[in-house]
Amino acid sequence: MALPGDTPRHQGSRRKLVAELKEKGIADAAVLEAIGRVPRHLFLNSAFDTHAYDDRPFSIGAGQTISQPFTVAVQSELLKIQKGMKVLEVGTGSGFQAAVLYEMGAKVFSVERIKELYDRTRMLLKSLGYNVKTFFGDGNVGVPSYAPYDRIIITAGAPIVPEGLLGQLKEGGIMVIPLSVGDVEIMKTITKLPDGKLDVKEHGTFRFVPMLEDKG
Ligand code: SAH
């Protein structure tokens, strides 16, 4: 996609970021290519323009952050996306993760509980040509009207695995969820096996803003 405001300087920084993610252990070519295509600087306040491709989170207002690219890459890799899969994201935030999943060929459904972010990001994704379905609501409830999903990704630190969300995951489906333990989050994948059992695996420690139960 040729985008206004995506200059050779941004493209160069983006190539460097992709190389850095590779060095840090991201091996999935589809993930690296998708991150190499999404203009992260357009998902941030222009004040951060020169740092937009640093591997770090930034404030996006309303007390929230855009995830660090490494975290986005790890979560995207763990999802094992195949083209055409239906993916539900909890925590639209800046829209960057949703755009990466869209670039990977997923049908993306994303829910955000803060109205200001929901409104802003819905417009942004649309203006950049990312055909992502966005919803304003509580991710603990999921988006039952479009369930079931092949994949579910949670992009805020969850105190527990929301039962309602598990119910919206297809048999054979994978949920990627950062579960809060004290001050940090343990990245987990939960695979729903055909016999209904859950296969849970751990993938290291990360830091997320908390997932909240209501709008309080
Ligand atoms: N995926 C985002 C990360 C944003 S940070 C990105 O790429 O920028 C996590 C987001 O989850 C925040 O926007 C926060 O408001 C949202 N969030 C927290 N609890 C939520 C809930 N219960 N339902 C939906 N969104 C939630």
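Which residue in E9 is the bridge partner of Lys188? I looked this up in the model, which is a predicted one, and found Glu202 as the partner in E9.

**Entry 1: the E8–E9 pairing.** I next examined the strands around that bridge. Strand E8 comprises residues 184-192 and is joined to E9 by seven bridges. The two strands run antiparallel.

Entry 2: I then traced the strand order and recorded E5-E4-E3-E6-E7-E8-E9. This is an open sheet of seven strands, and its pairing is mixed. I identified the edge strands as E5 (133-136) and E9 (198-206), each of which pairs on one side only. From one strand to the next, I recorded an average twist of 15°.

**Entry 3: a helix across the sheet.** I checked what lies across strands E4 and E5 and found helix H5, residues 115-127. Strand E4 spans 107-112. Relative to E5, helix H5 runs at about 165°.

**Entry 4: the ligand.** How many residues surround the ligand? I recorded 27, and the closest are Glu89, Ser94, Glu112, Gly139 and Leu212. I then listed polar distances to nitrogen atoms of the ligand. For Glu89, a polar side-chain atom lies 2.9 Å from a ligand nitrogen. For Leu212, a polar backbone atom is 2.7 Å from a nitrogen atom of the ligand. For Asn140, an N or O atom of the side chain is 3.5 Å from a ligand nitrogen. On its own the ligand has 580 Å² of accessible area, and I noted that the protein covers 99% of this.

**Entry 5: aromatic pairs.** I counted ring pairs whose centres lie within 6.5 Å, and the count comes to nine aromatic pairs. I inspected the pair of Phe43 and Phe96, which is edge-to-face, with 5.8 Å centre to centre and 80° between the planes. This pair links distant parts of the chain, its members being 53 residues apart. I located Phe43 in the loop between helix H2 (29-37) and strand E1 (58-61), and Phe96 in helix H4 (residues 96-103).

**Entry 6: the E1–E2 hairpin.** Finally, I followed strand E1 to strand E2 (residues 64-66). Three bridges join E1 to E2, and the two run antiparallel. Gly61 stands opposite Gln64 of E2. The hairpin has two residues between the strands, and I recorded a positive phi near 55° for Ala62.

Technical notes: Residues numbered from 1 in each chain as written. Predicted model: local features only at pLDDT ≥ 70, side-chain atom pairs only at ≥ 80, totals over all residues. Heavy atoms only, no water. Pairing = 2+ DSSP bridges. Helix = DSSP H or I, 4+ residues; strand = E, 2+ residues; numbered from the N terminus. Axes fitted to C-alpha atoms, helices over the stretch in contact; angles between N-to-C directions. Contact = heavy atoms within 4.5 Å. Near = heavy atom within 4 Å. Polar contact = N/O pair within 3.5 Å; in protein donor to acceptor, adjacent residues only side chain to side chain. Areas by Shrake-Rupley, 256 points an atom, 1.4 Å probe, with all protein chains shown as cover. Phe/Tyr/Trp six-rings, centres within 6.5 Å; stacked < 30°, edge-to-face > 60°.
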